[in-house]
Amino acid sequence: MKKLIYAFLLVCLPLLGHAQFDGEFIKPRSGKFLLQNATVVTVTKGTLANTSVLIDGGKIVSVGQNIPAGDAEVIDCSDHFIYPGMFDGGSRLGLVEVNSLAETQDYAEIGQVTPNMQALVAINPNSVAIPVTRVSGVTTTLAMPSGGIFPGTAALINLNGYTPDQMYAGFKGVVLNFPSSARRSTWDRRSDEDIKREADEAQKTLNEIWGRAETYYQLQQANAELQYYPEMEQLAKVLAGELPLLVEVNAATDILSAIDWIKSKNVNAILTGVAEGWRVADKIAEANLPVITGPMLSIPTRQSDRYDAAYTNPGKMAKAGVKVVIRSNDAENTRNLPFNAGFAAAYGMGKEEALKAITINAAEVFGIADKMGSIEAGKDATLFVATGDPFETKSQIRHVFIDGFRVPMSNRHIKLYQEFLERSPGLEKN
Amino acid sequence: MKKINLILICFLILGGMIANAQTPKGSLLIKNATVLTVTNGTLEETDVLVENGIIKKIGKNLNAANVEVIDATGKYLMPGIIDAHSHVALDAVNEATAPITSEVKMADVVNPYDIGLYRALAGGVTISHAMHGSANAIGGQNITLKHRYGSYNPEDLYMKEAPRTIKFALGENPTRVHGRGNGIQPRTRMGVDAVIRNGFNEALQYKKAWADYEAASKQRGANPVPPKYDSRLETLVDILDGNIIIHCHSYRADEIYALINTCREFGIDNIVFSHVNEGFKVAPELAQYTMGASVFADWWAYKFEVYYSTAYNAAILMENGVITSINSDSGELIRHLYHEAGKAQRYGELDDEQTLALITINPAKQLGIADKVGSIEEGKQADLVIFEGHPLSVYAIPQMTFVDGVKYFDINEDPDDMRLKVSASEALEPIFLKEHEHRCMHGVDFFFTNFGRSLFNHSH
């Protein structure tokens, strides 16, 4: 009988080799890896030449010279550079698939006050844009809801995993779109009066809502029996100090109003957007509020501003003493984050500070610097290997690790390149 | 009578002066630059002498009397960047009233005050192709602009030597505006193809009617009635006669292929495809039958017809021998086209010369002006940019930009506020958080109910 089974398997063997499908799908895989002999840009502990990084169990086990490979898979990184994964401090990646199609827009819920809308719930782990993004070395993004005054709760995600929980990177914040005196874009044709009126109304609504949230929180503290009120439940978490506010604000006067508002409410806050931060950089520094700003690749907010106002904004804020994090504020092109950082670097911020702005500064602002943001033993193995400076378009990213998973250096953009570089058939069929 | 003659003479003289009014031309000597010629390699420590707006000599140790000398030691000199798809300095973009509006001219709506011109100069861009929008299958006639910022006369911005061009558009935009918006053809890609074919056939009939009329007029004693003049069809005839270059907004491979076939059928060779996100799928056809493709570096997924894009598009097209350029279609992106081109090195590892060609000689070819601009060669117009750092580095910073040898941007001398005029009715300067990037649908945004609400919606 056994012989018969073996004979049967033997007959089947060639069939296995000729399965129904061609080729093999490459999956992310974890394990023990030794990235050997690289220049390691640790961000927090300097740049180390001829250094290796050992990864195991999702963590960086050690960083040093002459680490024995043991049973680790060795990846030769001679002439290459290792950087910690880059953070995008604000993106829609995973919350939208095709921008113009409402069916795929999961970032903006109906209503002005919806802080209980959880971005993490709507993250599509299989969005085509995720592998497109992560091969650039951008490994971690803050998924931002948008829309009303309190559009929802943002969540930090790592760009690998098959469920939102596998992707969750340990930070959430409630978004507040602070009443704005600026125009949303050059297509915003509201009159000056309408803008002012809308901003005043929004300010009134905001104060009303906040008053209600304070009452709710006080009742909660007093163990009162409360009706189901999910919006207030979420805002109460901000008042309790469990979640910070991500205060989206851009025009200089609005930034000053926001600073006063934050002080008066005594909440934990991070400023986001901050397009005109350079005008009031000292005030932001004085208030000791961290800033998530970007994109740098955008027009000056005013026609009278110098052409490079957006390029120089993060550098000016950093020089004033503000802790700056950079964001792309993009979705499908979140991969441009390092180029935004490059422009910030070129226009006054300097390479070192710009790199910090998308690594350790972000990790600190998000309260996860013990786990991420630099190449140090004990931290999560979320890093990448590049042929050079990742801000330079000429550099190639060779390997990306997220939470110790080696992610495939492939995506739809790359597959289309592989298929069409030399199309077959070409011009003629024969 | 004498008086009238005198007045007439005065007018004639005045007319002559206007006709001869010249845009400024400069002379200068740039010393010791690393010259990125684009067409003849890189020349280290080289001088470039400009006389009266023209590159006179390229070489070592050049001397010239009475011209400004600029020391460019340690700096890079490249040809002025050319943007083959822009809407900067236009007061209107779409005449979205019919599927064919070939009679419309963008030259009529040039706004010399647009600060976007200066911002483009600060990014090294000296020429932009100011285009009609993409609402119509056959849109209006475009105008090639030289960024002579500072003149209040729109005509001073025209690059008068540039050949005529016209905008075509395929796919979602014309079908949305006319089919779904107005309930008329085209609502599908079949309809777009039909609208263009019908236009060409009608133009052929029109041309024949005039030929018949002219032949008949020559008959002794004949007094035929002339056909009705039609500037729309007149323009289409000029396309069929090869006098106008088509620049066609397009995304999908099927629609690109269809228009290539239509053009071949009507004997049209002068066609450039713009955006062309799926151009990589029909690269051999684009190489064989067209004047190439003008693409975005990495834009995708802003609408369904660009969902199956790749950032490797430019590289695939270049490697397949398609004349390829990278354009902005945006008042933001036009400021850093050198960086956009650089992305073709990330996505496809093009070499420096190929990459620089994407924003210089190749767009010049597509606009029919490659004999005048697009490279640093003796005899060409002196549109030049000096960079600190190699222009393909993310750390590159443009220092000075010249058009016809005249300096229009100087990082060290220009004041911050470069507006040419301030609106008198403006009590408070408006603050804009974002340039609406994809401007092709400017003026027809009422078809997109959710636009303006969100910072992220793209309409291109």
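Visitor: Which residues of chain B does the UniProt annotation "domain: Amidohydrolase-related" cover?
Guide: Residues 311-400, according to the unreviewed UniProt entry. UniProt positions are given in the numbering used here, feature names are shortened, and annotations may be inferred rather than shown by experiment. This is a predicted model, where local features need pLDDT of at least 70, side-chain atom pairs count only at pLDDT 80 or more, and totals for chains, interfaces and linings use all residues. Residues are numbered from 1 along each chain as its sequence is written, with chains lettered from A and ligands numbered from 1 in the order in which they are written.

Visitor: How far apart are the end C-alpha atoms of residues 311-400 of chain B?
Guide: They lie 30 Å apart, and the span is 32% helix and 13% strand (DSSP runs: helices are H or I, at least four residues; strands are E, at least two; numbered from the N terminus).

Visitor: Switching to the chain contact, how many residues does each chain put in?
Guide: Chain A gives 50 and chain B gives 59, where contact means C-beta atoms, placed from the backbone, within 7 Å.

Visitor: Which helix supplies the largest share on chain A's side?
Guide: H10(A), with 5 residues. Chain A's side divides into 23 nonpolar, 15 polar and 12 charged residues (nonpolar: Ala, Val, Leu, Ile, Met, Phe, Trp, Tyr, Cys and Pro; charged: Asp, Glu, Lys and Arg; polar: the others, Gly among them).

Visitor: And at what angle do H4 and H5 of chain B pack?
Guide: About 95 degrees, with their axes 8 Å apart (axes are lines fitted to C-alpha atoms, for helices over the stretch in contact; angles run from 0 to 180 degrees between N-to-C directions).

Visitor: Which residues of H5(B) make that contact?
Guide: B:Leu233, B:Leu236, B:Val237 and B:Leu240.

How values were computed. Contact = placed C-beta atoms within 7 Å.
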